[in-house]
Amino acid sequence: MRHARRWSAGAATALLTVTSLIGAAPSAAAAAADTPALTAAVTAKLLGSAGPHTAVAARDTRITVSRTSGRWAFGTAVALAPRQEDAHPTGSVFIARQDPSGWRVAFDGEAAFGDLSAESPLVNGRERTVLTTTPTPMYAGGDYRTGMALPFAVGQTWTLTSGPHGWGGNESPYSSVDLAGGDQVVRAARAGAAYTMCQGWIRVIHDRGYSTDYYHLWNSISVNGASVGQGAFLGNTGTDVTCGGAAYGRHVHFGLRQNSAYVPIADHDIGKWVLANGAAAYQGGARHGSAWAGAGAGLYNYGALGLTQAVVDANGGGALTRRAGPGTGYGALGSLADGATVSVSCSANGTSHTGRYGTTALWDRLSDGSWVSDAYLWTGVNGPVNGWC
């Protein structure tokens, strides 16, 4: 995370246990549930999952209990980081239940988190829909669809100030990018449940197991599971490093997570751009159709690509011919411009073609009834995106 270093007094504390509802007054129930045993259980899990490179010591943690009811507790856990480059805070939304043997703690993205969220009286209906969603198929299955826009207003162009890099800098996976410019208003990339991890850091948990992180924000919203729509205001670009790290120049540090961990942002489509790694951290860029934008270039936010949509990639520009059937032997029905968005109805096998991502005999039937080779479409899936015809 690169940008003007900003120090904040009181950001690192011995062991800070917060017992207040985010944006509301503290409750007696919250105070009662925030026992040393709960704090110890959450802290132990946090530091065990954060890794030795993240937190300086056990004292540099921030456990916030934001909701309680009987033997249930809900909140956020953050491992603060040193105020230096290539350091980063890590954290999770947690849910905990007190059993006879002690506190059972689960973090967002874990299977146990969904199970506990389904049972807990602390989770409201709309929030439960997101928190208990099982990602299908999993990222490991080769499905790179996100349904996300870029984290700013659709129709604006922002600068990709840094290409794919780690959440904290040079470490793997390269889960994050830095974006700046436009009206400096950071917005949710997709609908979901939003949480304040710490000042300047918002996490939005989406469907399909994904979540997105937004760091270095100024004027960020204070939320505790609020339902937000795609494009909802989260804050303004800034250089806030309340929880650690470093920042040089106002921007948003945007990270992609799935199933409780940061995942490579490369090959995912966000705002109809497919992110790509470079030779090293902070290099790389993004592709829209055949158009390439490297670090330092502008990215126009085309909006979210639907889960049964595709972007035409003619592999060098030009146009893509639409056919009356799944093959070049069928009559031409017109063409599609490179970078165009299309909706796929179903797929079938036909003549074989080679595009940017390899050779395939798969053809896609579009919503207007015409056919195009899947070799020249980015769908995010290596196979039918909407079933077989």
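Predicted model: local features only at pLDDT ≥ 70, side-chain atom pairs only at ≥ 80, totals over all residues.
How many salt bridges does the structure hold? There are 12 of them, a salt bridge being a side-chain nitrogen of Lys or Arg within 4 Å of a carboxyl oxygen of Asp or Glu. Residues are numbered from 1 along each chain as its sequence is written, and side-chain values use heavy atoms, leaving out hydrogens and water.

So how confident is the predictor? pLDDT is its confidence in each residue, from 0 to 100; the chain averages 88, and 87% of the residues score at least 70. Contact here means heavy atoms within 4.5 Å.

Back to the salt bridges. In one of them, the side chains of Glu110 and Lys45 meet at 3.2 Å, N to O. Glu110 sits in the loop between strand E5 (102-107) and helix H3 (111-119), while Lys45 belongs to helix H2 (residues 36-50), so this pair ties together parts that are 65 residues apart in sequence. Helices (H or I, at least four residues) and strands (E, at least two) are DSSP runs, numbered from the N terminus.

Next, find an open sheet of four strands, in the order E16-E17-E18-E19, with antiparallel pairing. Two strands pair if DSSP finds at least two bridges between them. At the edges are strand E16 (269-270) and strand E19 (291-294), each pairing on one side only. Strand E17 (residues 273-276) and strand E18 (residues 285-288) run antiparallel and are joined by three bridges; Ala276, for one, has Gly285 in E18 as its bridge partner.

Stay in strand E18 for Arg287. Leaving aside residues up to four places away in sequence, Arg287 touches Lys272, Trp273, Val274, Trp292, Asp313, Arg356 and Tyr357. The C-alpha atoms of Arg287 and Leu299 are 9.4 Å apart, with the two residues 12 apart along the chain.

Now for the empty space. Rolling a probe the size of a water molecule over the atoms shows where such space is left. On a 1 Å grid over the protein atoms alone, a cavity is a set of points where a 1.4 Å probe fits but cannot get out, and a pocket is an open set with protein on both sides within 12 Å along at least five of seven lines; lining residues have an atom within 4 Å of a point. Grid points are joined across faces, edges and corners, and a volume is the space filled by probe spheres set on the points.

Three cavities reach 30 Å³ or more. The largest holds about 60 Å³, and Arg287 is among its lining residues, as are Asp269, Tyr357 and Trp378.

The largest pocket has a volume of about 390 Å³. Of its 19 lining residues, Tyr357, Asp374, Leu377, Val381 and Asn382 are the closest to the centre. Strand E25 (358-366) and strand E27 (377-378) are the elements that give two or more residues to this lining, and E25 has the largest share, three residues.

Key. pLDDT = per-residue confidence, 0-100.
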